[in-house]
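Please look over the sequence and the model below before reading the notes.

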Amino acid sequence: ATADNYVYVADMLNHRIQKFTNQGAFVLEWSSWDSDHFQSPSGVVYSSAHNRVYVADTFSHRIVYFTPSGGYQGQWGSFGIGSSNFAWPSGVAVDEPGDVYVADTVNNRIQKFNTEGAFQTSFGPNISGLAGALNHPSGVAIDHSLCVYISDTGNHRIVKLDSAGNLVKTWGSFGNGDTQFNNPVGITIGSNFVIIADTGNNRLMKYTRDGVFIAQLDTFGSASVEFNNVTGVALDSHGNVYSTDTNNHTVKVYQVWHSVYLPLVVRAP
């Protein structure tokens, strides 16, 4: 997640959140609070509406929120299938009013809450007009019109809903073509485009908000401009693209999607 001049990283296997400047300088980390601690957090988002950082604490089946300096503020959720329950939640997003959307991955749905965690609604597993139910959705993003974009990971597609949860568009199928995916995970929204972390294909994909292919960035490997299991993607206010290159243990930054690699690689200190 990005905020102003900072980048927040869910360092999943180290069970912590790390914060960096947008130039890669380490600022702080947090992993525990009030005798509690993270268990493999996999999603993090900054909310400008309330100056908060929300974390999907995946193996604890909950959402925990903090000040930008890591001060604990609250949490909600527990394991289960009811409203406000989760089963390995992963992606988390916040809309402009400050409502929170959670990719409740193993429950095959997206849940929406107010900023304090009060349940509002859910989308899925079955959505009217959608071919088949959601299958392990792991990424979610919200545009300025409050449309909801879902990385429907197990179905290798993107699902777009309007603010009421009505189906607007889907695109994608299994494969490595321009409009195909292999277990897409991360998703982020720009001014008039969508960027997808196409995890199994080790690439980033850029589309219009209606799913028309624009460009891709992909090379498998361990060099500075290569991906190995890219999972997360975010944009800053300048349009720079941040991607979590999971198996290379780095965050990579690309300048306004010109496929030009900037000399910025964030590593754990």
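Two strands are said to pair if DSSP finds at least two bridges between them, and the elements themselves are DSSP runs numbered from the N terminus, with helices (H or I) of at least four residues and strands (E) of at least two. With these terms, β25 and β26 form a hairpin with five residues between them, and Gly239 in the turn has a positive phi of about 90°. The model is predicted, so that local features need pLDDT of at least 70 and side-chain atom pairs count only at pLDDT 80 or more, while totals for chains, interfaces and linings use all residues. Residues are numbered from 1 along each chain as its sequence is written, and side-chain values use heavy atoms, with hydrogens and water left out.

**Strands β25, β26 and β27**

- Strand β25 (residues 230-235) is antiparallel to β26 and pairs with it over five bridges, and within this pairing Gly232 has Thr244 of β26 as its bridge partner.
- Strand β26 (residues 241-245) also pairs with strand β27 (residues 250-254), again in the antiparallel sense and over five bridges, with Val241 standing opposite Tyr254 in β27.
- The hairpin of β26 and β27 has four residues between the strands, and His249 in its turn has a positive phi of about 55°.
- Four of the five residues of β26 are buried, which leaves the strand mostly covered; here buried means under 20% relative accessible area, exposed over 50%, and partly exposed in between (1.4 Å probe, protein chains only).

**Strands β22 and β23**

- Strand β23 (residues 203-208) is mostly covered, with five of its six residues buried.
- In the hairpin of these two strands, which has four residues between them, Asn202 takes a positive phi near 55°.
- Thr199 lies in the loop between β22 and β23, and it counts as buried because its relative accessibility is 8%.
- Leaving aside neighbours within four places in sequence, Thr199 is in contact (heavy atoms within 4.5 Å) with Asn182, Asn183, Pro184, Val185, Asn229, Val230 and Thr231.

**Nonpolar cores**

- A nonpolar core is a set of buried Ala, Val, Leu, Ile, Met, Phe, Trp, Tyr and Cys residues joined through side-chain atoms within 4.5 Å.
- The largest core has 14 residues, of which Tyr101, Ile110, Val140, Val148, Ile150 and Leu161 touch the most other members.
- The elements giving two or more residues to this core are β14 (100-104), β17 (139-142), β18 (148-152) and β19 (157-161).
- Another core, of 13 residues, lies apart from the largest one and includes Leu28, Trp33, Val53 and Val64.

- Strand β9 is joined by four bridges to strand β10 (residues 72-76), and the two run antiparallel, with Ile63 standing opposite Trp76 in β10.
- Their hairpin has five residues between the strands, and Gly70 in the turn has a positive phi of about 90°.
- Phe59 lies in the loop between β8 (52-57) and β9 (62-66), and it is classed as partly exposed because its relative accessible area is 44%.
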